[in-house]
Amino acid sequence: MYTIVDYKHLGGLTHEMSVEAPQLAKKAQAGQFLIIRINEEGERVPLTIADSDAEKGTITIVFQAVGRSTDELAQLRTGDQLADVVGPLGRASEIEKYGTVVIVGGGVGIAPIYPIAKSLQAAGNHVISIIGAKNKDLLFWEDKMDSVSDELHIATDDGSVGHKGFVTDILEEVCSKGDVAAVWAVGPMIMMKNCARVTKPFGVKTFVSMNPVMIDGTGMCGGCRIQVGDDTKFACVDGPEFDGHQVDFDLAMKRSAYLKNLEAEGRQFYHDHQCNLGLEHDDRPAKGV
């Protein structure tokens with residue numbers, strides 16, 4: 001069993017947890033992910049490793065409660081345990097000294113870009129980070145991102161903080177100044193698609209982190225297949241990072257929508273079950289608080 005040692009509600013549907021997983025924490029690298037199961041009957045949930053501490057033996061995950069399993073995960077608190085934590089999985093980010101790099105995180109994608117920015121800065125790069133959300137209440141980790149960035153830019157759809165508009169507005173402005181060697185973009189698929197669209201005319205190498213439906217995490221089920229150029233790739237073993245200029249985002253988005261109805265039904269069933277038991281998401285206090 002894997003014990004939750006810290007829990008934070010980051011706002012909206014977004015939650016942060018640190019979990020004891022000493023072996024995983026020693027091996028984790030930027031860009032990799034893990035798969036958890038809440039209990040023996042639970043489904044396998046892939047989540048990007050948002051941070052790790054080899055000395056403490058912990059890993060940090062950030063997730064949104066958007067389905068039945070993540071709703072159940074969001075009910076857990078410090079001291080609770082997960083049945084399984086498997087990882088690190090996937091290929092690590094291509095960390096080297098590029099020069100000036102731009103890191104773009106949208107929504108919950110802010111969490112997985114943190115270890116990438118941290119590793120790139122440690123490698124001697126000039127790191128320009130751009131983070132965005134719909135509004136200031138949905139932003140998180142501004143201080144953490146600032147600590148691993150030489151420049152930090154913020155965008156919100158409603159202009160409640162930073163630039164009013166999208167992260168791509170700032171990305172285009174930064175790229176137009178030249179000298180950008182590489183870009184990493186993590187967030188909703190439409191955001192990553194638009195980031196790749198912005199960088200392509202400038203000829204800037206662009207990495208995107210794909211998050212298609214994933215089951216086993218070993219390449220056997222084929223559920224996470226995506227089209228990259230002329231090749232079919234599996235996000236779990238060939239990625240999750242790919243050349244954003246080669247990814248067929250339209251096909252990836254169509255495939256990601258296949259199970260939307262079933263996901264909605266599962267979440268509604270879980271919500272109804274909780275209500276019948278007289279439980280609400282915020283009724284349970286955090287242990288030790």
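1. Which residue in β13 does V102 stand opposite? V102 stands opposite V183 in β13, and V102 also stands opposite I128 in β10. Helices (H or I, at least four residues) and strands (E, at least two) are DSSP runs, numbered from the N terminus.

2. Basis of the note. This is a predicted model, in which local features need pLDDT of at least 70 and side-chain atom pairs count only at pLDDT 80 or more, while totals for chains, interfaces and linings use all residues. Residues are numbered from 1 along each chain as its sequence is written, and side-chain values use heavy atoms, with hydrogens and water left out.

3. Overall composition. The protein has 9 helices and 17 strands. Of its 289 residues, 46% are buried (buried means under 20% relative accessible area, exposed over 50%, partly exposed in between, with a 1.4 Å probe and protein chains only). Carbon and sulfur atoms account for 48% of an accessible surface of about 14,000 Å², computed by the Shrake-Rupley method with a 1.4 Å probe. Among contacts (heavy atoms within 4.5 Å) between residues at least 6 apart in sequence, 65% join residues at least 24 apart.

4. The open sheet. Seven strands form an open sheet in the order β12-β11-β10-β9-β13-β14-β17, and the pairing is mixed; two strands pair if DSSP finds at least two bridges between them. At the edges are β12 (163-164) and β17 (241-243), each of which pairs on one side only.

5. Strand β9 and its neighbours. β9 (residues 100-106) runs parallel to β10 (residues 126-133), to which 7 bridges join it. In β10, S129 is the bridge partner of I103.

6. Burial of β9. In β9, 7 of its 7 residues are buried. Both faces are covered, with T100, V102, V104 and G106 on one side and V101, I103 and G105 on the other.

7. Nonpolar cores. A nonpolar core is a set of buried Ala, Val, Leu, Ile, Met, Phe, Trp, Tyr and Cys residues joined through side-chain atoms within 4.5 Å. The largest has 35 residues, of which V102, V104, L171, M192 and M210 touch the most other members. Helix α6 (residues 189-199) gives the most to this core, with 6 residues. Beyond four places away in sequence, the residues that V104 touches include I113, I130, L171, V183, M191 and C195. Another core, of 27 residues, lies apart from the largest one, and F140, W141, M145 and I154 are among its members.

8. Cysteines. The structure holds 0 disulfides, a disulfide being a pair of cysteine sulfur atoms within 2.5 Å. The sulfur of C175 is 9.1 Å from the closest cysteine sulfur, in C195, and is therefore too far for a bond. C236 is in no disulfide either, and the nearest cysteine sulfur, that of C224, is 3.7 Å away. C175 is buried, with a relative accessible area of 4%, and C236 counts as buried at 3%.

9. Residue S18. S18 lies in strand β2 (residues 14-20) and is buried, with a relative accessible area of 10%. Not counting residues up to four places away in sequence, S18 touches T3, I4, V5, D6, I59 and T60.
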